[in-house]
2 protein chains.
Amino acid sequence: MSQDAMEKRVLDAVRQRREVVNEAVDDDLPMTEPDRLYEATRYIIKAGGKRLRPTISLLVGESLAEVEPLSADYRSFPALDGWEFDLLRAAMSVEVIQSFTLIHDDIMDEDDLRRGVPAVHIEYDEEAAILAGDTLYSKAFEMLSDTGARPEHEVEAVHRLASTCTRICEGQSLDVAYENRTDVSPEEYLEMVRLKTAVLFGASAAIPASLMGADQAVIEGVYQYGTDVGRAFQIQDDLLDLTTPSEQLGKQRGSDLVEGKETMVTLHARQQGVDVDNLVEADDPANVTEAAIEDAVGVLEAAGSIQFARERAQELAEQGRSDLTMLPDNEPRQLLDDLAEYLIARSY
Amino acid sequence: MSQDAMEKRVLDAVRQRREVVNEAVDDDLPMTEPDRLYEATRYIIKAGGKRLRPTISLLVGESLAEVEPLSADYRSFPALDGWEFDLLRAAMSVEVIQSFTLIHDDIMDEDDLRRGVPAVHIEYDEEAAILAGDTLYSKAFEMLSDTGARPEHEVEAVHRLASTCTRICEGQSLDVAYENRTDVSPEEYLEMVRLKTAVLFGASAAIPASLMGADQAVIEGVYQYGTDVGRAFQIQDDLLDLTTPSEQLGKQRGSDLVEGKETMVTLHARQQGVDVDNLVEADDPANVTEAAIEDAVGVLEAAGSIQFARERAQELAEQGRSDLTMLPDNEPRQLLDDLAEYLIARSY
């Protein structure tokens, strides 16, 4: 299959499941009193998002159940022993956790924009943003403890989600701590990304496997797939900031560099002796020229840092794909395989 | 039994269980990496606290199991069918949720002191406080999904804790909203207190009952006990601010009044036409005289507002005690009964 055909297939699969997830928001996260709290709670979820994590949950479920893609009712989905449970609600719980982390991270990182709209602490206020995040947090656990799966499987899934959230907090804590250090190694960065970003991809894959009663080896296999693909995804995000034209990126190319955000690329460059802090002179992405970014990227390329990051992303995606052999060989598994490839091939 | 003997018995029972809970902190919430995150996470828990909620959990467990108080191993505690589980870890999970809410509430309410020490966002910073709260949140769910109870009981307990956390967020949201209103009724206030404070007392009682496999009527009965006693506890706190001498209270008597904090007392007084906003002239508890507070309390007494609040607390404590008939008639139940009485009789 050509690269283009693969991309189309993956994007279709994600879009179809995104639509299902978007429709489920009103059922699983209904508007209720107090109005202002629930408006703030739903605001970022309603603002959009690729829904990659719940898509992974749904695909893992479909692969394990060996059903035709999109043919089974996600609300009464067959576990491996035929016991039915709400796979969509489980998938939603990881998306809800993702939204909670975005809201709290935006407060901590003082990021004012999210998904093209003002962040919750800007659109509402900081109190509302703390509370909206806290509400989504408990809502996710309400959902995941109410899927109708066999209790022993549900307990396992809940414990996975809880420990994943702890890891995410640890990752965010490291991210904050690393801002004050210039000697962070690419390995430390990768571990931070694993905790902050990748474990939730892992949980997205492992939770449906747990709920369906899969073997521990399968659960751990798809968990590995998620954490590998999640790290590859983040490195690719870092690369896109440097290599994608601004108009396609939807923001100034090289903003991370201008804002002094460390990535796999800059940390490798530091180790090669590049004076990363003075690569571009501007302090604000609004005041930087395309030529200045082009020069900076040239230096990073010459240091081998772009290539280094690209290879790490490719290795992780490869590793993720190899973990999928634990799943039955069917179309949903192929889509998970394509997704791993697409996430590092995408250009925006 | 005399009032004094009852008080001593309750305080002994609480102290004994507080010591057990305090000793369990290092096991259930160990120091780990990143250091700064886990220091901030344990800081408020280590700073003290009465441990009323886990005490209620332990007493409900002991009553249902019909064991001699403090005789059974809380770490392998007998459920009703003999299946063993970790009651102490379940009790700890509610205390951990309580700590998370204190940390986030202190940020939102801009309270700089907690348990006699600087609040987490003061001692560390706001980022650290948001993250410490978020970490405790997931830790509580990690603990409660790892008690070793029968899975169907554990799922029920987890779902109870999750929906309780959602209610707490709703209560905090109402509390914030009510700050901008002067027409809040005592009934609305009581509902806010039920959500913000009392449901966690309810969960503290209901969770061990669920984990032990008690009947739904018993679970709901002890949940009612908790929410009634929790509301009585909060109203008594409001009353103590007005009626306890400053030296005994450990802070300026009447601070709530000076700071404009609405309580059951002030909301009732407003309905009686009292100009609550001008009851004391000072804006800062540091600048108010004992005589000015005495005068203000006199006005509130004349309006019947102190009496009104006291009666509500008594009714709720009575109601809570009557719910205990669902438990076997034994010493732990008597202690829960005494505790309800003590919480509204205490003078600090």
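The model is a predicted one, so to speak of local features takes a pLDDT of at least 70, side-chain atom pairs count only at pLDDT 80 or more, and totals for chains, interfaces and linings use all residues. Residues are numbered from 1 along each chain as its sequence is written, while chains are lettered from A and ligands numbered from 1 in the order in which they are written.

Back to helix 13 of chain B: Ile293(B), Ala296(B), Val297(B) and Leu300(B) are buried there (20 or more other C-beta atoms, placed from the backbone, within 10 Å of a residue's own; exposed means 12 or fewer, partly exposed in between). Seen down the helix axis, these buried residues of helix 13 of chain B fall within an arc of 100 degrees, so they line one face; the arc is that of the directions from the axis to the C-beta atoms. An α-helix has 3.6 residues a turn, so residues three or four places apart point the same way. On the face turned away from the buried side sit the exposed Ala291(B), Glu294(B), Gly298(B) and Ala302(B). Just after helix 13 of chain B, Gly304(B) takes a positive phi of about 80 degrees.

As for chain A, 55% of its 348 residues count as buried.

Technical notes: Helix = DSSP H or I, 4+ residues; strand = E, 2+ residues; numbered from the N terminus.
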